[in-house]
Amino acid sequence: MATKETPTIHATEAVATASKTTPSSNDIDISLYTPVTEGKATILFPKGNEVFYNPVQEFNRDMSIAAIRTWSEIFLGEKRARIEKKINNAKNEEAKQAAEKHLKTHIESESFTILEALAASGLRSIRYAKEIPNLKQVTANDLEAEAVESIKRNIKYNELTEELVRPNQGDAMQVMYSTIGNGQKYDVVDLDPYGAAAPFIDGAVQAVSEGGLLCVTCTDLAILTGSMHPETCFGKYNGMPLKGMFPHEMALRLVLNTLQTSAGRYRRHIVPLMSCSIDFYLRVFVRVYTSPQGVKKAASKTAIMYECSGCHSYAVQPLGKIQYKENGNERHVPGTGPPVDEHCRNCGSTHHIGGPAWGGPLHDKEFVNKMLEHVNANESNYGTHTRMKGMVSVISEELDAPLYWTLQRLCGTIHCTSIPLTDLNSAILNAGYKVSGSHCGPATIKTDAPSHIMWDILRAFVKKHPVTMANIAENSPARAILAKEPSIEVDFTRHPDAVSKSQSVKLVRYQLNPTPNWGPKARAGKKRKQDDQ
């Protein structure tokens, strides 16, 4: 199955090295192909092919390599600690030598495996093989024979072996299901389909090893953000989207909940390491563990989201909660609520209901900071390192609070001039609450301040910058909000934490349109192939 990739020569210096005996690339007629270099890989695309390569996706692949390298250090460290514990606890010399041999063979050399279930040209797999250390094997799978031939050709051209990059023609689901019950799971499973990842998730959560990494891309954001056909989103991801104030974070939470729901059927649970909303797609990195106790906690990390249809205030309702007995044991009970009245307390409008969705943290801050250190130390390895540092920095600063406000929605609701973001952040901080931006977009506000505090701040701002009430409809949410007096003394004095570190050092935090008519490329299909012929 082809993914979202178009032929364009992308210049990044390639260094091709092979650690094993490699096949010769001299028998490839280069005149028939367009070479495209990205990272340390150079891929040959048939001339006239407009399907396989999308240069905008280099950022996705760079982020994936950095995430896998960061995870692998943690993963191998955990494996090493377990084996060293076995060595220390060995009852005799024979058992100690066996444990030491296992440590040397499986930890210090070839140590983990990757499955790219939908590999297309093999670019991602080849970059993984050339740029990720301690890799035992990456399986580059695709359903199309033409794609598998492309993978084999590119393996040869990059002077790699088919032992390191194993080409495989097969249905992605069958490949993943074939790992069940035989102990041959993959340490990393990478899903990067054209469109929805939903059909592949059930197989993926079973095919990944204990503590392994699941990397998932979804490009069907029109569905996940609620821009169109919310019933389709529910059919694919078992949750309703909300398109008002926070559609892109809601999309991330819907996908994470789908992953957890699928994993829970097999006594497994997920731990999100980093969840990214990027351009026209989203990309999540989660670890998967087998733990009935972890599955029991899933209900407390699953939530219904309420969003006011008028002022877009929001509230989160966990489906479950954990109570602790006197002896320290956990008791799992249904959540209590709802957290909203029948009509919005701020403007009197009704609520839209979204979810069920993931209500837990989107990121593991320790992992994010470790990945940021890796990117800063290896800038030359990544063609998109400037943007990588910007996005990962913003994610590292994100407040662990569900959902976000946008400056445009806040000010647009009450028809006032735009409040400076620094003033708004200062007022929130001076009121005793926390605040940060969101990587999902510029001028976003993540905060633990309740909605009435946010509107109190806007009311105080409007007192200094009046709106023309004659231009506001009688039944507008703005009239209901501005009719109330602020319930707190709002202080707009500049707070030292009102400007984040990523803002102060002028990092590239949000992507501008990189090329004209950019976005996901056309899906590969019979018509396109026939036209090429």
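In this predicted model, seven strands are arranged as an open sheet of mixed pairing, and their order across the sheet is β5-β4-β3-β6-β7-β9-β8. The two edges are formed by β5 (165–169) and β8 (268–278), each of which pairs on one side only, and neighbouring strands are turned against each other by 15° on average, direction ignored. Helix α9 (residues 247–264) lies across β7 (208–218), β8 and β9 (281–290), and runs at about 160° to β8.

Asn134, in the loop between α3 (123–131) and β4, has a positive phi near 60°, and Asn134 is partly exposed at a relative accessible area of 34%. Glu159, which is found in the loop between α4 (145–157) and β5, likewise has a positive phi, of about 60°, and counts as partly exposed at 35% relative accessibility.

Cis peptide bonds occur from Gly337 to Pro338, with omega near 5°, and between Gly355 and Pro356, with omega about 5°. Pro338 lies in the loop between β13 (330–334) and β14 (351–358), whereas Pro356 lies in strand β14.

In helix α1 (residues 58–88), Lys85 has its place; Lys85 counts as exposed because its relative accessibility is 56%, and exposed means over 50%.

Terms used: Residues are numbered from 1 along each chain as its sequence is written. This is a predicted model: local features need pLDDT of at least 70, side-chain atom pairs count only at pLDDT 80 or more; totals for chains, interfaces and linings use all residues. Side-chain values use heavy atoms; hydrogens and water are left out. Two strands pair if DSSP finds at least two bridges between them. Helices (H or I, at least four residues) and strands (E, at least two) are DSSP runs, numbered from the N terminus. Axes are lines fitted to C-alpha atoms, for helices over the stretch in contact, and angles run from 0 to 180 degrees between N-to-C directions. Contact means heavy atoms within 4.5 Å. Buried means under 20% relative accessible area, exposed over 50%, partly exposed in between (1.4 Å probe, protein chains only).
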